[in-house]
Amino acid sequence: MKIREIRAVGLRGQTPEGGWSEEIEQDDCIHTLVAVLTDEDVVGFGSVYTNDGLVKAALNVLAPFYTGENALEPERVTEKLRQNMFWMGRGGTITHTISGIDIALWDILGKVTGQPVGRLLGGRYRDRVKPYASLLMDEPGPLANHLLQLKADGFRAFKMGWGPFGRSGDGMAGFDKDEAIVRTARETIGPDSLLMVDAGGSDAFWKHGYKWALRTAEMLADYDVTWFEEPLRHDALDDYALLRQNTRVPISGGEVLTRRQAFLPWLRAGAFDIVQPDATKVGGLSESRKIGWMALDYGARLIPHGWNTAIGLAADLHLASALPETDLVEYITGSPYLDDLVDGGWHLDEDGMLAIPEVPGLGIDLDFDAVAKFTKGESWLDGA
């Protein structure tokens, strides 16, 4: 089975807020869907955390290397693409685009072999996983209302990030505001639910350093926070390692890193308790799996970053099934690109868990009416 063509289409119209200092608009495209078409009419789907203009440009560069390739060999094909793109820059748009291709190839392999992707990734350690509701922070009143609604929806784990946290001024006033937000969240969800805090240190010109992160981490530990995410600038490896050594709360990060090799210095330095690669930009499921096993060798575990789409969530579910200590996945709340793109939607069970698909491939059926809506009717699979 050969790769005949790869197509891409961007999602627009309902792009959720990202919490960034330069906020995105609903019509901005930051997520792109890809379809790998084969000469036997089997189609695989992937997702890329990158603007569609960049993805389409990358596909033009990659086309000579994937056209006619074996569509049933995702790891070999995507490694071929990576190896032949080093001279174009390692990481960034090219790697992001390869991520979507890799996910789509695993989808094809699963469909052809009649197996769920997680089993093909090495085996299923679990058949369901706990999703954590991922939301932007807000003032204590609106935040409490939002958390109560999510709890009523069945979530039992919550991560709040960005927003005013660490951005409400220097000194005690800012620190007190941050603590009020965390206190409100813990009181609202109760002692039995998981609570994670994401400072968003990969925001442009993040101003806080080690001392702020250490003091804040100690405050978070008092509220039984499961992990403190991105408390420092995304290149501050030494400070991350020092912070992890000197605080009680686990430290997480890595969503901006691409390629497994980029994670190695951080793991060697002991900078993370939890690594958070995003399958839609790190190199796909092939690369994510390698990072997950490497993390275990260094005493860390992988919990995937998943601020993306329904296809990205499906990929994360299968990844979670194939790694022994990946017992959580990120579920971006309020995004139609996640909730509406799957025919029938997503459903939590009575324990607040998501079932990992057992049917072949990624195990989801796209709602193509929703795809057409969010792609403004752009031609994608016509004539496929």
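Student: Is the crossing of α5 and α6 left-handed or right-handed?

Tutor: In this predicted model, helices α5 and α6 cross in a right-handed manner.

Student: Where are those two helices, and at what angle do they cross?

Tutor: Helix α5 covers residues 140–152 and helix α6 covers residues 171–189. Their axes come within 9 Å and cross at roughly 30°.

Student: Why is α5 called roughly parallel to α6?

Tutor: Angles under 35 degrees count as roughly parallel, and the crossing angle here is roughly 30°; therefore α5 is roughly parallel to α6.

Student: Which residues make the contact?

Tutor: From α5, the contact involves P140, L143, A144, L147, L148 and K151. On the side of α6, the residues are A180, I181, T184, A185, T188 and I189.

Student: How many of them are nonpolar, polar or charged?

Tutor: The residues of the contact of α5 with α6 comprise nine nonpolar, two polar and one charged.

Student: Turning to the sheet, what is the order of its strands?

Tutor: The sheet is open and has three strands in the order β1-β2-β3, paired in the antiparallel sense. Its edge strands are β1 (3–10) and β3 (43–48), each of which pairs on one side only. From one strand to the next, the twist averages 20°.

Student: How many bridges join β1 and β2?

Tutor: Seven bridges join β1 to strand β2, which spans residues 32–38. Within this pairing, E5 has L37 of β2 as its bridge partner.

Student: Which helix packs on the sheet?

Tutor: Helix α1, residues 52–66, packs there and touches β1, β2 and β3. The direction of α1 makes about 170° with that of β1.

Conventions
Residues are numbered from 1 along each chain as its sequence is written. This is a predicted model: local features need pLDDT of at least 70, side-chain atom pairs count only at pLDDT 80 or more; totals for chains, interfaces and linings use all residues. Side-chain values use heavy atoms; hydrogens and water are left out. Two strands pair if DSSP finds at least two bridges between them. Helices (H or I, at least four residues) and strands (E, at least two) are DSSP runs, numbered from the N terminus. Axes are lines fitted to C-alpha atoms, for helices over the stretch in contact, and angles run from 0 to 180 degrees between N-to-C directions. Contact means heavy atoms within 4.5 Å. Angles under 35 degrees count as roughly parallel, over 145 as roughly antiparallel, 65 to 115 as roughly perpendicular and the rest as oblique. A crossing is left-handed if the near helix is turned anticlockwise from the far one by less than a right angle, and right-handed if clockwise. Ala, Val, Leu, Ile, Met, Phe, Trp, Tyr, Cys and Pro count as nonpolar, Asp, Glu, Lys and Arg as charged, and the others, Gly among them, as polar.
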